[in-house]
Amino acid sequence: MAASAPAPGSRTGAPVALVTGSSSGIGQTIAQELATEGYRVVVNSARSVKEGEKTAAELPDALYVRADVSDEEESRRLVDTAVTHYGRLDVLVNNAGRTRAIPHADLTSATPGVWREILGLNVIGTWQTTVAAMPHLAASGSGCVINVSSIAGSRPAGSSIPYAVSKAAIEHMTRLLANTVGPHVRVNAVAPGLIETPWTRNSEFFAPIAEHVRTTTPLRRTGRPEDVAAAVTGLIHATYATGQVLLVDGGAHLL
């Protein structure tokens, strides 16, 4: 069964969630939502230290840890710090990721260096953080992993081909892990469509995509970080679901 929330007014013994890449945007909103659900949250970022510290300070009994999860030693230190501080780990949300806005037809700009950068964080970072966390998640009795993918993982879309490939890899990793680590740990993923964040709002690349989403998709709007956070908490509570990739795209996949 899912990790139970603490009694009102008490957080001692509350379940613990680690959200990578959670100093802003989708990750920050997931961290805030999990705190509302009663979790003690570990906030993480690789560079945005002030923002991460501020996010953690605004949540009850939260901890900020700076770590670049694309580095194996740092990803292990992140998990170890969380467990040392709280004594347990119940939920891992692999949200940290990066991309480059490269038109798909511009093959030469998707250099091997770009591929290594994106796959190094999105895929390898997700993998090694999950591996480091797995013994603790299994020990919790109700551990689960939620990977943050993208609609680009299953459709010929996305900000670049390396990014889309990285998300496809995350989705298959989700299924492979779920088939391997059950019954002790569940592994699922959410796959957002276009989500309004400061980065997407200020990007010329995403402006025409946002207009297309608002005028053609069944729900006639772009997504909000709160939409993704709700899907994450829903999968945490869905204790008979594992190996699932939940699209959160306003119906864009139907087009």
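Author: A residue is called buried when its relative accessible area is under 20%, exposed when that area is over 50%, and partly exposed in between. With these words in hand we can look at the model above, which is a predicted one.

Reader: Which residues of helix α2 are buried, and which are exposed?

Author: Helix α2 runs over residues 49-57, and in this helix Gly 52, Thr 55 and Ala 56 are buried. Lys 50, Lys 54 and Ala 57, by contrast, are exposed, and they lie on the other side of α2.

Reader: What covers the buried residues of α2?

Author: The cover includes α1 (25-36), together with the strands β2 (40-45) and β3 (63-66).

Reader: Let us turn to charged side chains. How many salt bridges are there?

Author: The idea is that a side-chain nitrogen of Lys or Arg lies within 4 Å of a carboxyl oxygen of Asp or Glu. By this rule, ten salt bridges are counted in the model. One of them joins the side chains of Glu 117 and Arg 98, with an N to O distance of 3.6 Å. Glu 117 belongs to helix α4 (residues 112-140), whereas Arg 98 sits in the loop between β4 (91-94) and α4, so this pair ties together parts that are 19 residues apart in sequence.

Reader: Which other residue forms a salt bridge with Glu 117?

Author: Arg 100 does, and here the closest N and O atoms are 2.8 Å apart. This pair, too, links distant parts of the chain, with Glu 117 in helix α4 and Arg 100 in the loop between β4 and α4, 17 residues apart.

Reader: Is Glu 117 buried, exposed or partly exposed?

Author: Its relative accessibility is 26%, so Glu 117 counts as partly exposed. Arg 100, with a relative accessible area of 37%, is partly exposed as well.

Reader: Where in the chain do Glu 196 and Arg 214 lie?

Author: These two residues form a salt bridge in which the closest N and O atoms are 3.3 Å apart. Glu 196 is in the loop between β6 (185-192) and α6 (198-201), while Arg 214 is in helix α7 (residues 207-216), and the pair links distant parts of the chain, 18 residues apart. Arg 214 is partly exposed, at a relative accessible area of 34%.

Reader: Which residues are linked in a network of salt bridges?

Author: Such a network links Arg 66, Glu 74 and Arg 77.

Technical notes. Residues numbered from 1 in each chain as written. Predicted model: local features only at pLDDT ≥ 70, side-chain atom pairs only at ≥ 80, totals over all residues. Heavy atoms only, no water. Helix = DSSP H or I, 4+ residues; strand = E, 2+ residues; numbered from the N terminus. Buried < 20%, exposed > 50% of the residue type's maximum accessible area, 1.4 Å probe, protein only. Contact = heavy atoms within 4.5 Å.
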